[in-house]
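Here are some exercises to work through with the model open beside you. Try each task before reading its solution.

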Amino acid sequence: MRPRSLTWRLVGRLAGLQAVALTLLILLIGAAAIGLLWAGLLIGEYQGSTLDTLRDAITRDEAGGLTLRQTPELGTLRAEHADLWFVIRDAGGHQISEGTVPAQFAPIASSLEHVSEAVLKWNDAEAARPAGLVKSVDTSAGSVQILTGTYGELSMWRALQITPQLFLNMILPIVVLMTLATLVATPFVVRRAMRGLAQVAAQAERIDIDQRGVQLPLDEVPVEITPLVKAINAALDRLDKGYERHRRFLADAAHELRTPIAILSTRIASLDAGPEKTHLLEDATRLSVMAGQLLDLQRLDQRADTFGPVNLVGSARQVVLDLAPLAFAAGYEMSFEHEGETVMVTGDQTALERALTNLVQNAVDHGQRRGTILIRVTKAGRIEVCDDGDGIPPDEREQIFEPFRRLHPGGRGAGLGLDLVQSIMRLHGGRIEVDQAPSGGACMRMVFPKVQG
């Protein structure tokens with residue numbers, strides 16, 4: 001399932017809340033309007049009632065002239081106002097009239113033929129309602145002009161007929177504008193409010209096992225998200241403490257192992273030469289290397305403080321000299337190639353020599369005791385260790401760097417060597433690559449990011 005978007009959840013809820021609020025507002029306005037109508041505040045002031053009544057009653061007779069249908073509203077209007085007057089005409093010259101046009105309006109009645117809308121008032125009148133109206137309206141008989149007095153009141157039915165038009169002209173635009181404002185403004189507001197989370201995410205992406213004591217920032221995190229960030233910080237702190245206990249255990253175990261290993265190596269060295277002594281020396285060397293690997297894992301955290309110039313050619317030569325007797329005794333030949341006498345990088349010489357030692361030891365263990373172990377240093381800042389064994393299958397090349405992972409179950413070693421090499425190379429900004437040697441064996445390559453000129 002895709003995670004739900006907080007932004008659009010807020011947009012949906014705000015839009016729903018606005019819809020409910022506007023609905024309640026419309027109901028309140030409608031109730032208030034109806035109350036005002038019943039109270040007579042609007043009923044007595046509506047000046048277009050007569051014009052609306054006439055407009056609904058206008059029709060055509062068989063000859064095409066104008067006539068009025070006897071609607072209930074028209075009947076009520078005639079019954080209640082004996083002085084009712086009006087003049088209705090169209091563009092074709094048809095005209096109907098009823099009652100007596102006030103003497104003050106009679107001289108201008110014929111002159112208003114081309115007027116679309118006008119309000120007629122007495123000069124000395126103080127009433128809010130005008131004396132007459134002129135308006136061009138659309139009816140069932142077509143467009144006509146109506147000149148009439150202002151009689152009648154706004155009925156409840158007429159008020160209900162006006163409500164949809166009021167909604168379309170006033171309420172609906174407000175709803176649309178508020179919805180658009182919500183859709184546009186809410187994502188912007190949410191992004192601004194959650195800007196602190198982006199900083200937290202960026203900091204979290206930089207957290208690595210080699211960087212402990214890191215805490216996610218709380219400065220600009222919203223209050224609602226603060227408990228989550230605090231919980232993550234507490235979890236990171238617990239992980240740091242657990243890693244520190246694990247590190248101390250490895251260091252203590254390695255230190256405790258070094259003494260019995262040294263005693264064992266001394267006793268083996270005093271034995272008479274022979275195949276058994278060779279096997280025992282290999283096993284003792286492997287134990288010593290394993291203890292060194294554990295110590296190296298413990299001291300990797302402080303490596304950056306001891307970085308300095310390192311000559312890869314010199315370091316590789318020393319490792320070859322140290323491990324050549326072991327390789328010869330195991331049935332291998334050794335070859336050392338280098339491009340120039342100095343290939344300088346910045347790093348920790350002890351850690352780099354330990355990494356190369358692990359690669360050579362790995363070649364001795366898995367080279368099937370045949371062929372040549374080649375150590376090559378290039379000017380580009382690469383150290384290759386190749387053997388003539390069976391090689392490493394492509395689908396196993398990523399997994400062999402996992403701690404305590406062995407290519408063959410029950411094989412020699414503890415499975416820490418390649419993991420340590422990878423950690424050392426990462427600490428130096430480089431990487432370890434796995435390739436196939438021309439003979440079909442394994443070829444491990446230490447790649448450094450930058451070589452000093």
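The model is a predicted one, in which local features need pLDDT of at least 70 and side-chain atom pairs count only at pLDDT 80 or more, while totals for chains, interfaces and linings use all residues. Residues are numbered from 1 along each chain as its sequence is written, and side-chain values use heavy atoms, leaving out hydrogens and water.

**Exercise 1.** Find which cysteines form a disulfide (a pair of cysteine sulfur atoms within 2.5 Å), and work out where they sit.

Solution. Start with the count: the structure holds one disulfide. Next, look at its sulfur atoms, which belong to C386 and C443 and are 2.3 Å apart. The pair links distant parts of the chain, with C386 in strand 12 and C443 in strand 14, 57 residues apart. Strands here are DSSP runs (E, at least two residues) and helices are runs of H or I with at least four, numbered from the N terminus.

**Exercise 2.** Describe the neighbours of strand 14 and say how its residues are placed.

Solution. First, the pairing, which needs at least two DSSP bridges between two strands. Strand 14 (residues 442–447) pairs in the antiparallel sense with strand 12 (residues 382–386) over five bridges.

**Exercise 3.** Characterise how helix 10 meets helix 11.

Solution. Begin with geometry. The axes of helix 10 (residues 349–366) and helix 11 (residues 417–427) come within 9 Å and cross at roughly 145°; axes are lines fitted to C-alpha atoms over the stretch in contact, with angles from 0 to 180 degrees between N-to-C directions. Now list the contacts (heavy atoms within 4.5 Å): A351, L352, R354, A355, N358 and L359 of helix 10 meet G417, L418, L420, V421 and I424 of helix 11.
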